[in-house]
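Student: I've got a structure open and want to talk through its charges and helices. Can you walk me through it?

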Amino acid sequence: MSAPDGATAPDVRTTAMGTHFGSFLVDSRDGEVVAVRGHPTDPEPSHLGESLRHFAENRVMRPAVRQSWLADGPGAATHLRGDDPFVEIDWDTALDLVAAELTRVRDDHGNSSIFGGSYGWGSAGRFGLASSQQHRFMRFFGGCTDQKGTYSSAAAEAIFPYMVGTSYHGGLARQTSWSVICEHTELFVCFGGMRASNSHVTYGGQGPHHHNDWVARASKTGVQFVNVGPLRDDFDKSADARWLPIRPGTDVALMAGIIHTLVTDGLADEDFLASRCHGWDRLRAHLLGEGFAAACGDWRGPAPWASAVDYDTPKSAQWAAEVTGIEADDIVSLAHEMAAKRTLVNLSLSTQRAHHGEQPYWMALALACVLGQVGLPGGGYAFSFGTQGNTGAGQTRARIPGLPVPMRQPGPPTIAVSRITEMLERPLEPYDFDGRRGRFPDIRLVYWSGGNPFHHHQDLNRLMRAWRRPETIVVQEPFWSPVARRADIVLSATTPLERNDIGGAETMLIAMAAVAEPVGESRDDYWIFAHLAERLGFGEQFTEGRTADEWVEVIYEIHRAADPQAPTYEEFRAEGYAMAPGKALMGEPTQVYLDAFRADPEGKPLRTPSGRIELWSETIAGYGYDDCPPHPAWMEPFERLGGAGSDRWPLHLVSNQPRARLHSQYDHAAPSQATKVAGREPVRMHPATAAARGIADGDVVRLYNDRGACLAGAVVDDSVMPEAVQLSTGAWYDPAADGTCRAGNPNTLTADVGTSRLAQGPSAHTCLVEVERYDGEPPPVESYSPPEIIPLTQS
Ligand SMILES: Nc1nc2c(c(=O)[nH]1)N[C@H]1C(S)=C(S)[C@@H](COP(=O)(O)OP(=O)(O)OC[C@H]3O[C@@H](n4cnc5c(=O)[nH]c(N)nc54)[C@H](O)[C@@H]3O)O[C@H]1N2
Ligand SMILES: Nc1nc2c(c(=O)[nH]1)N[C@H]1C(S)=C(S)[C@@H](COP(=O)(O)OP(=O)(O)OC[C@H]3O[C@@H](n4cnc5c(=O)[nH]c(N)nc54)[C@H](O)[C@@H]3O)O[C@H]1N2
Ligand SMILES: [Mo]
């Protein structure tokens, strides 16, 4: 593309790059990135772009095999995964090894014994996305055990169809627009706040950033934000949000207390509840504490949830105060204010990444229904504002095609994505998932590309033990990341900066262009899978005879066939980007969530069994789960402040998304490293919390519970409620011999428990800990330098 303003010298080349955190212009000289600038269309580019300058650091230079595996074959000394040195090998040898191992495992144990779910964010390229590459490869290979759902929104995804008859992701695109909010909303109550840094990111490619601009505009037009959550700064100061600190994991109790107040004070919108909701009578009986018979008496099947739900205690403001730590008077006045004003109730995803995470999304919908404002301009129910970039900005994703992935084979099973440790621990044992009873497969080989389970999974020391069970683990990774170090065979992959691709940035296509030759002997994921496919006899099927660059062009042409106004491929590459006109209209800038249903509930029913919003689900009742009742309900989580575990572990761990990186990506690079305290991930705590433990700003501290421990650098800050500590995710897992992570990864502390048998989602945000000052010389962090490598020439 032509050099736009800002290119500094004639030998500097400017190319475009699309990422999950926005689009950028990359200035490079001789394959080195000299500057990363926000795309001209982006009013507020993310500072995360700076990380791209570090794409060549800490790289896997060529294929490498764990020494014991190379010497003694599959299953050798698996307890040394993560400790063994790696032996470099050439590509031919590596591809032969992997092809032979895939064949052996498939022939001896069947396709189900290969786990190829490969969860993770990888690249934002429509062609290069490693997980699509891998799925295409695995499906031509005959299939593998796959995964369903996400770490992001599993519980919301599971409960949505039962509540409103649409998918969670379908609902995302239909969110009430900011322009409507600015005009009509008076009170915007946000469970989990609206963290500005989180809104930098959208899976698959973030377009121009508009979130902060909208928040500022809304604030100026008089929208009062309420931040319900453990951190004051989950809202930018400029939004002037009212902070309501709550014990994390107790939002459902607060919502129940508000509903109870509305009902007993005669403020419930009984017309709306009667005409547009199904099951309100039952839910009301439950919340008023009228007993099981009043709430569920006419249910004829077994009701195992009855033992987990309290039907006898009224869920009054007083009751809610004891659970949440919020004063009863404050709950009552919030309830009255919500009823008096045009009120929008928003949930971040954090509220559902917790034990019984299905319930906050369901109870918040019930609350919006009791207020009777669902479907009114600026009122009702909202989600993902502040969780994902540009929610409500009237700008949705154009359908930009990607690499075609064949249908899944019927044979091998699908597990809930975050049940991986259990799957490895309990082969062939049964488990429940969303109304089905399945059996865990007997996994012999794990194949991963574009994700980092030693970032994303909970209770990493437990995962580490389960990770010893498969005979072979293959990982495709550009960097010596925590998962690469724990593989048997590492195939060195390129980053998006070493290949051409198409980025789909919401309503924009980005002509992602290589700025450098592949680092070392790394190869594109496509090249790797294509060469494996050739060895396995389906090369032609996998590649269709195309090079990577030819595929990129074909994908563009598929897009162009659907959009005749799109420029030619050559024009697109020369310009560096193209808009996808027309498709922007998918996200009407003045839309209101569920307005059509509200206006005409008979004519435009929801796709639920009753055609209405379901506050009671006959289908869920039929599942007979003890941990997911057929109506929204407060259920005690396995631990919480003021509840189970808090006598020994008095602090709640908030392991939220990091500001300075994307999950674990580029944690080794300068922007993320600049945020470290005492060389470790910063942990924020209230001055009183620090003082009570003799902790000062900058100290190395140890966080611990029964599951594990990690070190971190203390930051004393009164933006954190006194009973919580905040340690963001993503520090590169660096366990010492006793499992203590020296870098500060919170997933050494979190529990690996499914949200319920419905969603089986991750419960990362349900976690109690204690913190102490670390006295003595803290051990150095080792995860940012490569493991011990025996170079190719010596092996
Ligand atoms: N405690 C706690 N844990 C959490 C969460 C939480 O809130 N609390 N949040 C969860 C959530 S919402 C998510 S989405 C997950 C995220 O978990 P992941 O998506 O697994 O995390 P990433 O660090 O983005 O991992 C992407 C990996 O892909 C690699 N990669 C990048 N580009 C390429 C490429 O082109 N090719 C290949 N082969 N590899 C590439 C990167 O180097 C990196 O190792 O974490 C979850 N974990
Ligand atoms: N910069 C950056 N942005 C990101 C990402 C990233 O890695 N980096 N990851 C992206 C991804 S994959 C996802 S899924 C989204 C996730 O988006 P979310 O799930 O919304 O994000 P979190 O950061 O986990 O949580 C947001 C806030 O919720 C609060 N919170 C935690 N637990 C509770 C609770 O029980 N109740 C209440 N009321 N509040 C609570 C915390 O204070 C936290 O700061 O973020 C995306 N945005
Ligand atoms: Mo996520």
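Student: Which residues are linked in a network of salt bridges?

Tutor: Glu101, Arg104, Asp442, Arg444 and Glu471 make up that network. Keep in mind that this is a predicted model.

Student: And how many salt bridges does the structure hold?

Tutor: The count comes to 53.

Student: OK, pick one. What does arginine 136 meet in a salt bridge?

Tutor: Its partner is glutamate 544, with the side chains at 3.1 Å, N to O. Arginine 136 sits in helix α3 and glutamate 544 in the loop between α20 (539–543) and α21, so the pair ties together parts that are 408 residues apart in sequence.

Student: Is arginine 136 buried or exposed?

Tutor: Buried, because its relative accessibility is 2% and the cut-off for buried is under 20%. Glutamate 544 is partly exposed, at 39% relative accessible area.

Student: What about the rest of α3, how many of its residues are buried?

Tutor: 10 of the 11 residues in α3 (130–140) are buried, so the helix counts as mostly covered. Among them are Gln133, His135, Phe137 and Met138, as well as Arg136 itself.

Student: Which residue takes a positive phi just after α3?

Tutor: That's glycine 142, with a phi of about 115°.

Student: Switching topic: what does aspartate 213 form a salt bridge with?

Tutor: With arginine 217, where the closest N and O atoms are 3.4 Å apart. Both are in helix α7, 4 residues apart, which means about one helical turn separates them. In general, an α-helix has 3.6 residues a turn, so residues three or four places apart point the same way.

Student: How covered are they, buried or partly exposed?

Tutor: Arginine 282 is buried, with a relative accessible area of 16%, while aspartate 298 is partly exposed at 49%.

Student: Another arginine, then. Where does arginine 195 lie?

Tutor: In the loop between β8 (187–191) and α7 (211–220). Arginine 195 is buried, with a relative accessible area of 4%.

Student: What is arginine 195 in contact with, leaving aside neighbours within four places in sequence?

Tutor: The list is Leu231, Asp234, Gly386, Asn656, Gln657, Arg659, Gln726 and Ser728.

Student: Last topic, the surface. Which residues form the negative patch?

Tutor: Asp549, Glu550, Glu553, Glu570 and Glu571. Helices α21 (548–562) and α22 (569–575) each supply at least two residues of the patch, and α21 has the largest share, with 3 residues.

Student: Where is glutamate 553, and why does it count as partly exposed?

Tutor: Glutamate 553 is in helix α21. It counts as partly exposed because its relative accessibility is 32%, and that class runs between the 20% limit for buried and the 50% limit for exposed.

How values were computed:
Residues are numbered from 1 along each chain as its sequence is written. Chains are lettered from A and ligands numbered from 1 in the order in which they are written. This is a predicted model: local features need pLDDT of at least 70, side-chain atom pairs count only at pLDDT 80 or more; totals for chains, interfaces and linings use all residues. Side-chain values use heavy atoms; hydrogens and water are left out. Patches are made of residues with over 30% relative accessible area and no salt bridge: like charges are joined within 9 Å, nonpolar side chains (Val, Leu, Ile, Met, Phe, Trp, Tyr) within 5 Å. Accessible areas come from the Shrake-Rupley method with a 1.4 Å probe; for residues, only the protein chains shown count as cover. A salt bridge is a side-chain nitrogen of Lys or Arg within 4 Å of a carboxyl oxygen of Asp or Glu. Lys and Arg count as positive and Asp and Glu as negative; His and the chain ends are not counted. The place of a charge is taken as NZ of Lys, CZ of Arg, CG of Asp or CD of Glu. Buried means under 20% relative accessible area, exposed over 50%, partly exposed in between (1.4 Å probe, protein chains only). Contact means heavy atoms within 4.5 Å.
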